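Thanks for making the time this morning. I would like to walk you through one structure, so please have the sequence and the model open while I talk.

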Amino acid sequence: MRKFKDHLLLGLLWASAFLTVAVLVIIVGYIFYKGFRLIDFNFIFGDYSPVGHGGIWPMIVTTLYTIFISLIIATPIGILAAVYLQEYAKQGRLVRLIRYATESLTGIPSIIYGLFGAVFFVTTLKFGMSIIAASLTLTIIVLPVIIRTTEEALKTVPLSYREGSLALGTTKLQTLYKVILPSAMPGILSGIILSIGRIVGESAAIFLTAGTVAAMPEGIFSSARTLTVHSFLVTQESGDIELAAAVGIVLIVIILILNFSATFISKKLNKADY
Amino acid sequence: MLEKLSARIFLFCALLSVVSLLLIVGFVFYKGSHPFVAEGYSFFDFIFGMDWVPSEDKFGIFPMIVASLFATIGALIIGVPVGLFTAIFLAEIAPKRVAKIISPAVQLLAGIPSVLYGVFGLAIIVPFLQNNLGLVKGQSLLAVILVLAIMMLPTVVTVAETAIRAVPKMYREGSLALGASQIGTIFKVVVPAAKSGIMAAVVLGLGRAIGETMAVILVAGNSLILPTSLTDSVRPLTTNIALEMGYAFGTHQEMLFATGIVLFSFILLLNFVLAKISSKGGN
């Protein structure tokens with residue numbers, strides 16, 4: 001009897017793993033199968049046109065804008081916040097409050113960020129539906145990611161580095177910029193890569209703050225659509241699965257490249273000679 | 001002087017996340033509570049009202065609350081056992097070489113934009129349900145449940161696998177030495193020892209399911225009726241916000257923020273549970 005139960009459970013374990021892998025392979029396979037025919041130079045680098053499948057260059061540019069603006073704000077703030085938490089703060093109520101806030105921000109669903117962005121950046125600060133409003137909303141979304149990964153990276157810098165540097169008569173600040181941050185750099189970089197992935201994959205928050213204009217943005221105050229929003233809208237409005245899948249391929253390839261570079265960097269981190 | 005100034009700047013940066021959280025909670029709650037505090041709408045009618053007709057000043061979200069709960073619980077019932085069993089398989093049963101290929105692949109899938117799960121759902125799952133169940137419209141509660149279950153799989157697998165791998169080797173050796181079988185050891189010793197990490201995986205997956213918006217819009221059908229069967233077209237809370245935010249103004253817009261508050265409350269509850277679990281697992 002016990003043997004039978006063991007065999008049954010073992011069978012279920014194999015079946016579940018098989019099911020998971022199969023479903024995920026089918027999804028990615030389907031997206032590639034459906035979309036690959038559309039991918040060519042003109043599709044990637046061409047201007048959008050509502051007739052046919054159109055180019056997606058404006059959406060790529062919009063996505064790059066959102067990545068660039070949100071990171072240029074979130075990275076320094078996130079790194080310095082992590083430096084405060086790890087290197088400067090005395091553990092106590094204030095640090096607990098900051099940690100609690102950072103963790104809570106991670107759990108908020110993106111549609112709530114979208115609501116906030118729509119009323120705060122779009123309406124109250126009068127940015128209108130625009131790339132800048134979406135990017136500032138995304139800044140808040142990725143801030144906890146950068147803080148957490150930087151904290152982890154700072155934790156791996158050996159205490160002896162700090163002591164050695166301070167013993168040579170440097171100030172705390174000099175030690176930070178010349179010794180601690182450089183050796184934490186690989187960890188910080190993989191945090192930034194994670195954030196790019198989060199920004200590229202985001203849709204609901206961008207949908208409510210950047211709008212849906214399918215044209216090359218004239219500047220950061222233009223309304224525009226990112227790749228994910230484009231993929232969503234062509235599916236919803238015209239049921240053009242082929243186009244949505246082609247955009248999906250571009251998204252998956254971006255995520256793949258980001259993942260490989262993160263793995264590459266963390267391997268370098270492990271090889272670094274401490 | 002410079003030292004002091006820079007310490008201040010670091011503190012300021014760290015406080016920005018607190019400020020952001022306060023701003024988000026403040027704005028959403030201020031906007032969402034306005035109709036009930038200042039315009040005389042009844043909160044009870046909002047939560048338990050059956051009709052959502054903004055043009056006739058009717059704002060009831062009970063069908064959406066039910067849809068969100070059913071969709072999330074349904075996804076949980078399918079996604080958690082499959083995800084958990086996959087995690088156990090990868091951590092305990094699979095040959096090292098197999099696990100080394102599958103684990104990173106599953107992790108990678110956690111990063112795929114959720115919209116694509118919706119596109120797949122609309123292209124494959126919806127027509128499949130329509131043809132095989134003889135539905136007029138395949139967009140249904142069941143379609144939402146299946147898409148969300150698939151979407152939460154990578155998250156559940158990755159987090160649960162990490163938790164199971166963290167169980168000390170001694171536990172397994174001790175159990176095997178006492179004559180327990182491998183399967184018995186896994187289910188009676190290893191899984192209970194990884195309980196808090198596994199619960200965290202479940203809660204994270206849940207959070208992802210209840211907050212998902214764009215993928216759900218594509219497969220839900222978005223009808224405003226109270227769902228009575230798995231094949232009914234539904235409109236969960238998140239999709240209500242995304243679908244109407246574009247043109248809503250005045251009280252209608254504030255009611256969408258109120259919808260956001262309800263969603264927010266669900267998430268806060270989940271976070272609270274997660275915090276309880278992880279503080280328990282801290283030792």
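The secondary structure of chain A comes to 11 helices and 0 strands, where helices (H or I, at least four residues) and strands (E, at least two) are DSSP runs, numbered from the N terminus. Read from the N terminus on, the elements of chain A therefore run α-α-α-α-α-α-α-α-α-α-α.

Before I go further, please keep in mind that this is a predicted model, in which local features need pLDDT of at least 70 and side-chain atom pairs count only at pLDDT 80 or more, while totals for chains, interfaces and linings use all residues. Residues are numbered from 1 along each chain as its sequence is written, and chains are lettered from A and ligands numbered from 1 in the order in which they are written.

Taken along the principal axes, the C-alpha atoms of chain A fill a box of roughly 70 × 70 × 35 Å. Of the 274 residues in chain A, 46% are buried, a word I use when 20 or more other C-beta atoms lie within 10 Å of a residue's own, with exposed for 12 or fewer and partly exposed in between, the C-beta atoms being placed from the backbone. Two residues are in contact if their C-beta atoms, again placed from the backbone, lie within 7 Å, and among contacts in chain A between residues at least 6 apart in sequence, 75% join residues at least 24 apart.

Now to the two chains together. How many residues of chain A are in contact with chain B? There are 67 of them, and they meet 65 residues of chain B. Helix α1 (residues 2-35) of chain A gives the most to that side of chain A, with 16 residues. The side of chain A that touches chain B divides into 49 nonpolar, 16 polar and 2 charged residues, with Ala, Val, Leu, Ile, Met, Phe, Trp, Tyr, Cys and Pro counted as nonpolar, Asp, Glu, Lys and Arg as charged, and the others, Gly among them, as polar.

Turning to chain B, let me pick out Leu129(B), which lies in helix α5 (residues 114-132) of that chain. Leu129(B) counts as buried because it has 22 C-beta neighbours inside 10 Å. Leaving aside residues up to four places away in sequence, Leu129(B) touches Leu135(B), Gly138(B), Ser140(B), Leu142(B) and Ala143(B). As for Ala143(B), it is 14 residues from Leu129(B) in sequence, and the two are 7.6 Å apart in space, C-alpha to C-alpha.

Finally, there are two backbone details in chain B. Asp57(B) has a positive phi of about 65° although it is not a glycine, and it is found in the loop between β1 (52-53) and β2 (58-59). With 10 other C-beta atoms within 10 Å, Asp57(B) is exposed. Asn222(B), also not a glycine, has a positive phi of about 65° and sits in the loop between α10 (214-220) and α11 (237-244). Is Asn222(B) exposed, partly exposed or buried? Asn222(B) counts as partly exposed, because it has 17 C-beta neighbours inside 10 Å.
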